[in-house]
Amino acid sequence: MFNLENFVKNTIKELKGTIRGKAVIALSGGVDSTTAAVLVSKAIGKNLRCLFVNTGLVRDEDLENIDWLKDNTELNIEIIDASEEFFKALRGVIDPEEKRKIIGELFIRVFERNAEDAKYLIQGTIAPDWIETGSGIRDKIKTHHNVGIPLDVKFQIVEPLRDLYKDEVRKLSQYLGLPESIYGRQPFPGPGLAIRVLGEVTPKKVDIVRRATAILNQEIGRAYPNFEEKPWQYFTVLLPVRSVGVRGDKRAYGYVIAIRMVQSVDGMTAAFFKPDFRLLDKIGTRITNEISEVNRVVYDITNKPPGTIEWE
Ligand code: XMP
């Protein structure tokens, strides 16, 4: 049985012995990086710099989580607004793999530029991350599931959660006082909303998908107040097609939003979530009422396989 109290005590002691100087972490507001940051800051205090790179491709809730952490914890958080740089780099790019590559590389560059004084890099790696890669995350950083930072030449890597599984990290984060918005945060891809705007990514399109996501989150929160009842992952996607509709008595030619909600254990396979139609009705109505650019909403009924969870 995983003993939280002992784990925290021993890890802090170990970290105090290992880290001698400044350390840095890429904080996303997700459960792994936040839990790692809180643990390390308990050992070395302000010597840990937590960098949140705002790519412009994050959701409202990610920014809210960072604000919460700033207001409610001792973490030394710095927000780096690099959104303009990311949008510029993505201009004209349509291919999903190219989007991933551009975002991953730019993220590393921005991070590195801002982390120059640090000797240690803290990573929120958990057991499945390095078990899946076979030879360990140091030898082969995955590009798919994390914005892995292959900076191990420059920094000494410290991974305080590397022996834990996801459910243990969730328990640990609760034990450390983090709220459900963090320990219950659903998986969110490193490339962020860029792979949920199909085709070219522009600030305007990201804004549409962000507003649609916020509506979806509110309605899911209302329909399923307990973490355990919520779908494993749910989000909205902006399609690269327009569709005809009516607004008032005028013809409209607007965007299409797809709603994706899935049940899964680890993301490797997934079944589309089957909510009450009344919930879908509420979500669809709110999206078309509140986002004037959108005049059609569709629900994705594809399982994985053959579909992937994300559309890109
Ligand atoms: P797919 O779309 O492959 O997704 O069925 C499985 C899970 O992985 C997440 N995902 C990503 N996570 N970087 C990430 O960090 C990525 O490029 C990426 N692509 C997909 C996805 O959200 C789902 O939970």
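This is a predicted model: local features need pLDDT of at least 70, side-chain atom pairs count only at pLDDT 80 or more; totals for chains, interfaces and linings use all residues.
Visitor: Let's start with the rings. How is a pair of aromatic rings described?

Guide: A pair of aromatic rings is described by the distance of the centres and the angle of the planes. In this model the count comes to two aromatic pairs. One of them is Tyr183 with Phe227, sitting 6.2 Å centre to centre with 85° between the planes, which makes the pair edge-to-face.

Visitor: Where in the chain do Tyr183 and Phe227 lie?

Guide: Tyr183 belongs to helix α8, while Phe227 is in the loop between α9 and β6, so to speak a link across distant parts of the chain, 44 residues apart. Tyr183 is buried, at 16% relative accessible area, whereas Phe227 is partly exposed, at 25%.

Visitor: And what about the rings of Tyr224 and Phe273: how far apart are their centres?

Guide: Those centres are 5.7 Å apart, and the planes stand at 80°, so this pair is edge-to-face. Tyr224 is in the loop between α9 and β6 and Phe273 in the loop between β8 and α10, so the pair ties together parts that are 49 residues apart in sequence. Both Tyr224 and Phe273 are buried.

Visitor: Which residue lies over the face of Phe188?

Guide: That's Arg59, at 3.8 Å from the ring centre.

Visitor: Now for the charges. How should I think about salt bridges?

Guide: Side chains of opposite charge can pair when their charged atoms come close. Here the count comes to 21 salt bridges. Take Glu105 and Lys101, whose closest N and O atoms are 3.9 Å apart. These two are four residues apart in helix α5, so about one helical turn separates them. Glu105 is partly exposed at 43%, and Lys101 is exposed at 55%.

Visitor: Which salt bridges link distant parts of the chain?

Guide: One of them joins Lys230 and Glu180, at 3.5 Å from N to O. Lys230 is in the loop between α9 and β6 and Glu180 in helix α8, 50 residues apart. Lys230 is buried, at 15%, but Glu180 is partly exposed, at 31%.

Another is Arg260 with Asp300, where the closest N and O atoms are 3.3 Å apart. Arg260 sits in strand β7 and Asp300 in the segment after β9, 40 residues apart. Both Arg260 and Asp300 are buried.

Visitor: Which residues are linked in a network of salt bridges?

Guide: Arg59, Glu61, Asp62 and Arg185 are.

How values were computed: Residues are numbered from 1 along each chain as its sequence is written. Side-chain values use heavy atoms; hydrogens and water are left out. Rings of Phe, Tyr and Trp (its six-membered ring) pair if their centres lie within 6.5 Å; planes under 30 degrees apart count as stacked, over 60 as edge-to-face and the rest as tilted. Buried means under 20% relative accessible area, exposed over 50%, partly exposed in between (1.4 Å probe, protein chains only). A charge sits over a ring if NZ of Lys or CZ of Arg is within 6 Å of the ring centre and within 35 degrees of the ring normal. A salt bridge is a side-chain nitrogen of Lys or Arg within 4 Å of a carboxyl oxygen of Asp or Glu.
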